[in-house]
Amino acid sequence: MIKTNTIQDSFFTNQLITTSSSLSRLNHAALAFSHIQNPNAFVYNAMIKASVHCGHPFQGLLCFINMLRNRVFPTSYTYPSLIKACVSVSVMGFGEGVHGRVWETGFDSHVYVQTALIDLYSKLGRVGDGRKVFDEMPERDGFAWTTMVASDVRVGDMSSARVLFDEMLERCIANAATWNTMIDGYARLGDVESAEILFDQMPARDLISWTAMINCYCQNKRFGEALAVFDEMRINGVSPDAVTMSTVVSACAHLGALDLGKEIHYYVMRNGFDLDVYIGSALIDMYAKCGALDRALVVFFNLREKNLFCWNSVIEGLAAHGDAEKALAMFSKMEREKIEPNGVTFVSVLSACTHAGLVEEGRRRFSSMTQDYSISPGVEHYGCMVDLLSRAGLLDNALELIKSMKLKPNSVIWGALLGGCKLHKNLEIAKISVNELMVLKPDNSGHYNLIVNMYADVNRWGEVADVRAIMKQLGVEKTSPGSSWIEIKRKIHTFAASDKSHAASGEIHSFLAELYGQMKLDVYLPELASTL
């Protein structure tokens, strides 16, 4: 095109820039743009859009400035891409300037442009200004309404979003995107019941609707229901995508449902899903949490591309299984491959050191985190270090580390110190921990019971009575019994202490009673003949 001078044809150049953008070849688009002598508005629009699409918003903004300098007037197609660029670089001043240009050039009544401005103000935290644009629009389509609903949802204002949504229903302009946005908003706030009601009321559900509901259950730790929705989705003939599959695999991980996880892995392979970093990291995490570490490693090493999430998943899996040597070796391999670790990575590394009792190695990694990677320690990192030092009997060092924290220590950190005190029978530091825990978690019976047992071990019955009196006065009792679950024929059965809600509860208790009776009959008695 350059040799034949076809590059000067705005139509062909526009097409070339658009095609290059779709292939993420911004350099080719820029080369074509640089050779056209008098680009018109359509060519400028294509170049601005290409810059934003390929992740170079500043270049898009610069292109717009050159467009104005060359006295080329923007069109309605200029502004949406330009506004996206302002959102990407979080430049409110430039965004307001663009809004001013919209007014000057007469596009203040253009639905597409005004909708982009609502999105701009919303994503930059000025929902009120976005609502003002929305209210002043002479004409609104369903997309504009949905954008305003999404703006309210983004800041957690579900009451305002609901008012708009109900009005959309009355006007019969609510589409699947609007319903999905509302379901997602309720899910983020933990209002599962409202999300369920909307999901059940939807006139038609698309893939995003099903995935949003599965996500809703997973975000609120109702993993069994997430898997039930996935089954219902498949029964209804809706094919999942990679996002759905990674979420479902994650639900299996939290439930420890290995057989079901294997089945879903097989479904992924059978249906031609690309084993990308998202599904890959979810599978690694699932196999590791279900105890199948060998399978987790097979998935990891078979991934063509590995991002930080994949590395974090495999390091965490090795650490959780107590294989500190391999976890640290994997971290070193990650460093050699120039993958930059984050705070999550170091939580796993420090956890590995804790499980193996590698005090000096843990200290070195903790220092490396700040000195080599400029990662500020979070509560989780301090928690690992306190746990490491406490288990090793370095309780004074652990207490000093807590006192040196710039963050406020939480109950997990004081609990780790208390656990170390119990292990090494240090009542003095234990009392400090319990005093802090009584403020942070006054209703948690575990901390009280631990100090009671420590006092009882050294026959300090007066202190035992005092702590129990405090517990009685505060009304502290065990309110959250432990639970466990088992997977049988793809179904998860959950059991909790004193819980009789299971369908086979009567049969189970009857069998346990029979088993208990047999155990009493089989109790070991010493042979008296040998002693007579």
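**Entry 1: Ser-21**

I looked up what Ser-21 touches, and found it in contact with Ala-50, His-53 and Cys-54, leaving aside its neighbours within four places in sequence; contact here means heavy atoms within 4.5 Å. Ser-21 belongs to helix α1. Helices are DSSP runs of H or I with at least four residues, numbered from the N terminus. I recorded Ser-21 as buried because its relative accessibility is 9%. The terms are set as follows: buried is under 20% relative accessible area, exposed is over 50%, and partly exposed lies in between, with a 1.4 Å probe and protein chains only.

I noted the basis of these entries: this is a predicted model, in which local features need pLDDT of at least 70 and side-chain atom pairs count only at pLDDT 80 or more, while totals for chains, interfaces and linings use all residues. Residues are numbered from 1 along each chain as its sequence is written, and side-chain values use heavy atoms, with hydrogens and water left out.

**Entry 2: the largest pocket**

I next asked how much space lies in the largest pocket. The value is about 740 Å³. Of the 30 residues that line this pocket, Lys-49, Pro-80, Ser-81, Lys-84 and Tyr-112 are the closest to its centre. Two or more lining residues come from each of α1 (10-22), α3 (41-53), α5 (78-89), α7 (111-123) and α9. Helix α3 gives the most, with seven residues.

For the record, a pocket is found on a 1 Å grid over the protein atoms alone, as an open set of points where a 1.4 Å probe fits, with protein on both sides within 12 Å along at least five of seven lines; lining residues have an atom within 4 Å of a point. Grid points are joined across faces, edges and corners, and the volume is the space filled by probe spheres set on the points.

**Entry 3: His-99**

I located His-99 in helix α6, residues 92-104. Is His-99 buried or exposed? His-99 counts as buried because its relative accessibility is 12%. Its contacts, leaving aside neighbours within four places in sequence, are Leu-117, Tyr-121 and Val-133. With Tyr-121, the side chain of His-99 makes a polar contact of 2.6 Å. A polar contact is a pair of N or O atoms within 3.5 Å; within protein, one must be able to donate a hydrogen and the other to accept it, and residues adjacent in sequence count only if both atoms are side-chain atoms.

I checked the span of α10 (residues 158-171): its 14 residues reach 20 Å from first C-alpha to last, close to the 20 Å expected at 1.5 Å a residue. The expected span is 1.5 Å times one less than the number of residues.

Which residues of α10 are buried? They are Met-158, Ala-161, Leu-164, Phe-165 and Met-168. Seen down the axis of α10, these fall within an arc of 125°, so they line one face of the helix; the arc is that of the directions from the helix axis to the C-beta atoms. The face turned away from the buried side of α10 carries the exposed residues Ser-159, Val-163 and Glu-170. The cover over the buried residues of α10 includes α8 (127-136), α9 (142-154), α11 (176-188) and α12 (192-201).

I then turned to α12, where Val-192, Ser-194, Ala-195, Leu-198 and Phe-199 are buried. Their arc, seen down the axis of α12, is within 160°, so they line one face of the helix. Glu-193 and Asp-200 are exposed on the face turned away from the buried side of α12. The buried residues of α12 pack against α10, α11 and α13 (207-219).

**Entry 4: positive phi**

I recalled that most residues other than glycine have a negative phi. Just after α10, Cys-172 takes a positive phi of about 60°. Lys-338, which is not a glycine, has a positive phi of about 65°; its place is in the loop between α20 (324-336) and α21 (343-356). Lys-338 is exposed, with a relative accessible area of 73%. Ser-374, also not a glycine, has a positive phi of about 55° and sits in the loop between α22 (359-371) and α23 (379-391). At 65% relative accessibility, Ser-374 counts as exposed.

**Entry 5: Asp-274**

I found Asp-274 in the loop between α16 (258-270) and α17 (277-289). Asp-274 is partly exposed, at 43% relative accessible area. Not counting residues up to four places away in sequence, Asp-274 touches Ile-279 and Arg-304. A polar contact of 2.8 Å joins the side chains of Asp-274 and Arg-304.
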